[in-house]
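Morning, everyone. I have one structure to walk through today, and I'll keep it brisk. Please have a look at it first.

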Amino acid sequence: MTTVHQFHPVLAPRDAMSNHVFALRDRLREWGYGAEAYAIEAKAGVEHETLPYRRLFRSVKPDDLLLLHYSIGNEVFAQLAKIDARKVLVYHNVTPPEF
């Protein structure tokens, strides 16, 4: 694995999920991996740290890792699931403890 690509539909400043994406990206870079954050929409304040999600379709290589941060539904997840790469679903939601 050389690069870790992360996707969340919307990235915004001072947002817990966005903070998680950017903190993980920064840590991966410290460890020597290539790492980028992609979104459908980047709010003001993080637009220079976020790449358009459509670039994933031409940037991801089969030996890369694609982290799909899921908190809100979006039809793009079905498209991204077809990318030829290893994938990890990062589920951001409140789930009852019995599950």
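Which strands does helix α1 lie across? Helix α1, residues 16–30, lies across β1, β3, β6 and β7. Against β3, which covers 34–39, helix α1 runs at about 160°. Before I go further: this is a predicted model.

Now the sheet itself. What is the order of the strands? The order is β5-β3-β1-β6-β7. That is five strands in an open sheet, and the pairing is parallel. The edges are β5, at 51–52, and β7, at 86–91. Each of these edge strands pairs on one side only.

Strand β1 spans residues 3–7, and strand β6 spans residues 65–70. Four bridges join β1 and β6 in the parallel sense. Where does Gln 6 find its bridge partner? In β6, at Leu 67.

On to charges. Side chains of opposite charge can pair when their charged atoms come close. How many salt bridges does a search of the whole structure find? Five.

Start with Glu 49 and Arg 25. They form a salt bridge, with the closest N and O atoms 2.9 Å apart. This pair links distant parts of the chain. Glu 49 sits in the loop between β4, at 41–42, and β5. Arg 25 sits in helix α1, 24 residues apart from Glu 49. Is Arg 25 buried or exposed? Buried: its relative accessible area is 5%, and the cut-off for buried is under 20%. Glu 49 has 34% relative accessibility, so it counts as partly exposed. There is also a network here: salt bridges link Arg 25, Asp 26 and Glu 49.

Next, a pair inside helix α1. Arg 27 and Glu 30 form a salt bridge, 3.3 Å between the closest N and O atoms. Both residues lie in helix α1, three residues apart, which is about one turn of the helix. Glu 30 is exposed, with a relative accessible area of 59%. Arg 27 comes in at 42% relative accessibility, so it counts as partly exposed.

One more salt bridge: Glu 36 with Arg 29, at 3.1 Å, N to O. Glu 36 is partly exposed at 27% relative accessible area. Arg 29 is partly exposed too, at 38% relative accessibility.

Now the aromatics. The structure holds five aromatic pairs. Why is the pair of Phe 7 and Phe 77 edge-to-face? Because their ring planes are at 80°, and planes over 60 degrees apart count as edge-to-face. The ring centres of Phe 7 and Phe 77 are 5.3 Å apart. This pair links distant parts of the chain, with Phe 7 in strand β1 and Phe 77 in helix α3, residues 76–80. The two are 70 residues apart. Both Phe 7 and Phe 77 are buried.

Tyr 53 and Phe 57 make another pair. Their centres are 6.3 Å apart and their planes lie at 70°, so this pair is also edge-to-face. Tyr 53 counts as buried, at 9% relative accessibility. Phe 57, at 41% relative accessibility, counts as partly exposed.

Last point. Which residues form the one aromatic cluster? Phe 7, Tyr 53, Phe 57, Tyr 70, Phe 77 and Tyr 91. That's my tour. Over to you.

Conventions:
Residues numbered from 1 in each chain as written. Heavy atoms only, no water. Pairing = 2+ DSSP bridges. Contact = heavy atoms within 4.5 Å. Axes fitted to C-alpha atoms, helices over the stretch in contact; angles between N-to-C directions. Salt bridge = Lys/Arg side-chain N within 4 Å of Asp/Glu carboxyl O. Buried < 20%, exposed > 50% of the residue type's maximum accessible area, 1.4 Å probe, protein only. Phe/Tyr/Trp six-rings, centres within 6.5 Å; stacked < 30°, edge-to-face > 60°.
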